Amino acid sequence: MNNSSNITPSAMTRMIIEGIQERKGRKITLVDLSQIESSGVSNFIICEGTSSMQVAAIADSVRDYLLEHARIKPYNYDGYQNSQWIVVDYGDTLVHVFLPNERERYNLEELWNDAKITEIPDLD
């Protein structure tokens, strides 16, 4: 039940970032995959939390923020079992919330280094 047709991709990205920042998610990175044919999605939004509790809180915040502000529900989400890496699927956009060591291990930014990558400064 994702009714995102009435919201622009940039507005959705902004809301996801705000949801992440609301729970003090850090090192937010936007990975624009729209020009890469082999990618199944247009965008990754990657961030990290300092504990598994914070990782889950950030993912919850993104889901709550989009539901409250745009009435958008994710198609799916996974990773809450251990909350080291949670992915929230909004169709064309995947939100990845990592613990720092898991983010380093999977290194999605390096895996997709031919994409346009934008770093969002942390709020301090």
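Author: Buried means under 20% relative accessible area, exposed over 50%, and partly exposed in between (1.4 Å probe, protein chains only). Glu 102 has a relative accessible area of 6%, so Glu 102 is buried. The model is predicted: local features need pLDDT of at least 70, side-chain atom pairs count only at pLDDT 80 or more, and totals for chains, interfaces and linings use all residues. Residues are numbered from 1 along each chain as its sequence is written, and side-chain values use heavy atoms, leaving out hydrogens and water.

Reader: Which residue does the side chain of Glu 102 join in a polar contact?

Author: A polar contact is a pair of N or O atoms within 3.5 Å; within protein, one must be able to donate a hydrogen and the other to accept it, and residues adjacent in sequence count only if both atoms are side-chain atoms. Here the partner is the side chain of Arg 105, at 3.2 Å.

Reader: How many aromatic pairs does the structure hold?

Author: Rings of Phe, Tyr and Trp (its six-membered ring) pair if their centres lie within 6.5 Å; planes under 30 degrees apart count as stacked, over 60 as edge-to-face and the rest as tilted. There are 4 aromatic pairs. In one of them, Tyr 77 and Tyr 80, the centres are 5.7 Å apart and the planes at 80°, so the pair is edge-to-face. Trp 85 and Tyr 106 form a tilted pair, with 4.6 Å between centres and 45° between planes. Ring pairs also link Trp 85, Phe 98 and Tyr 106 into a cluster.
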